[in-house]
Amino acid sequence: MKDMLIAPSILSADFARLGEEVDAVLAAGADVVHFDVMDNHYVPNLTIGPMVCKALRNYGVTAPIDVHLMVSPVDQMIQDFAKAGATYISFHPEASLHVDRSLQLIRDAGCHAGLVLNPGTSLECLEYVLDKVDLILVMSVNPGFGGQKFIPTALKKLQQVRRLIDDSGRDIRLEVDGGVTVDNIAEIAAAGADMFVAGSAIFNSDSYQQTISKMRQQLQT
Ligand code: DX5
Ligand code: ZN
């Protein structure tokens, strides 16, 4: 099992003070910055784009930036985010007409490539592209909004994807996104996840440091 990575979703941060918020969660012990991109087309919400990613890099953020594309189409955004300093770029297979090509585009741009499974999406889309994937993101809410409740069937899917990854012998991260809290993170880890997105649980808490430490304690037991 790889190191467990905690990735606060800046969707729940105060956008008026984004640089400070990112500094604060990283100082509090976060490993990765999760960056949710929504286009009011693939999902019914609108957030931030490559300019903001670039601005965070210019501001001095050196931590990995995990770009979660909830946009359609994806290819132009892949290129723009790679230029803007993304580390990981993930997209939803149904948002690209040519999944294999989009994954290859991410790697060709020097980033780690991820595929995202919605709560209703099966594992089949992974079968022929596993060699082009560095990360599989299992959604435990329907994408579009922070602060939703964890959908329990995601646990079964995490177990299935964990088995798929282990059987393949490949070096692939298993990320979970949506409704992750101090109270359920241990169970989610037991199902096989090794990278945990948490938005509202961290940014709506009184102390980012205490919340992230509590999450890490849960991951150690
Ligand atoms: C939902 C986003 C998530 C979201 C998670 O579409 O992909 O990253 O911000 O937020 P919480 O942790 O509040 O469910
Ligand atoms: Zn996300």
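The exercises below, each with a worked solution, concern a predicted model.

Local features need pLDDT of at least 70, side-chain atom pairs count only at pLDDT 80 or more, and totals for chains, interfaces and linings use all residues. Residues are numbered from 1 along each chain as its sequence is written, chains are lettered from A and ligands numbered from 1 in the order in which they are written, and side-chain values use heavy atoms, with hydrogens and water left out.

**Exercise 1. The zinc site**

Task: Find the protein donors of the zinc ion (ligand 2) and state which arrangement the donor atoms make.

Solution:
1. Donors are N, O and S atoms within 2.8 Å of the metal (3.2 Å for Na, K and Ca); water is not among the atoms, so sites may look incomplete.
2. His-34 (NE2), Asp-36 (OD), His-68 (ND1) and Asp-177 (OD) are the protein donors, 2.0 to 2.3 Å from the zinc ion.
3. The arrangement is octahedral because the 6 donor atoms subtend angles of 70 to 171°. Six donors count as octahedral if opposite donors are over 155 degrees apart and all others between 65 and 115. Ideal angles for six octahedral donors are 90 or 180 degrees.
4. Along the sequence, the spacing of the donor residues is H-x1-D-x31-H-x108-D.
5. Strands (E, at least two residues) and helices (H or I, at least four) are DSSP runs, numbered from the N terminus. His-34 belongs to strand S2 (residues 33-38) and His-68 to strand S3 (residues 65-70), so this pair ties together parts 34 residues apart in sequence.
6. Buried means under 20% relative accessible area, exposed over 50%, and partly exposed in between (1.4 Å probe, protein chains only). His-34 is buried at 0% relative accessibility, and His-68 is buried with a relative accessible area of 0%.

**Exercise 2. The largest pocket**

Task: Give the volume of the largest pocket and describe its lining.

Solution:
1. On a 1 Å grid over the protein atoms alone, a pocket is an open set of points with protein on both sides within 12 Å along at least five of seven lines, and lining residues have an atom within 4 Å of a point. A volume is the space filled by probe spheres set on the points, and grid points are joined across faces, edges and corners.
2. The volume of the largest pocket is about 250 Å³.
3. The lining has 25 residues, of which Phe-145, Gly-146, Gly-147, Asp-177 and Gly-178 are the closest to the centre.
4. Two or more lining residues come from each of S2, S3, strand S8 (195-198) and helix H7 (200-203).

**Exercise 3. Cysteines**

Task: Count the disulfides and classify Cys-111 and Cys-125 by accessibility.

Solution:
1. A disulfide is a pair of cysteine sulfur atoms within 2.5 Å; the count is 0.
2. For Cys-111, the nearest cysteine sulfur is that of Cys-53, 8.9 Å away.
3. Cys-111 is buried at 7% relative accessibility, whereas Cys-125 is partly exposed at 26%.

**Exercise 4. Backbone geometry**

Task: Which peptide bond is cis at Pro-73, and what is phi of Asn-40?

Solution:
1. Most residues other than glycine have a negative phi, and most peptide bonds are trans.
2. The bond from Ser-72 to Pro-73 is cis, with omega near -5°. Pro-73 sits in the loop between S3 and helix H3 (75-83).
3. Asn-40 has a positive phi, near 55°. Asn-40 is in the loop between S2 and helix H2 (50-59) and is exposed at 54% relative accessibility.

Key:
Four donors count as tetrahedral if all angles lie between 85 and 135 degrees; four count as square planar and six as octahedral if opposite donors are over 155 degrees apart and all others between 65 and 115; anything else is irregular. On a 1 Å grid over the protein atoms alone, a cavity is a set of points where a 1.4 Å probe fits but cannot get out, and a pocket is an open set with protein on both sides within 12 Å along at least five of seven lines; lining residues have an atom within 4 Å of a point.
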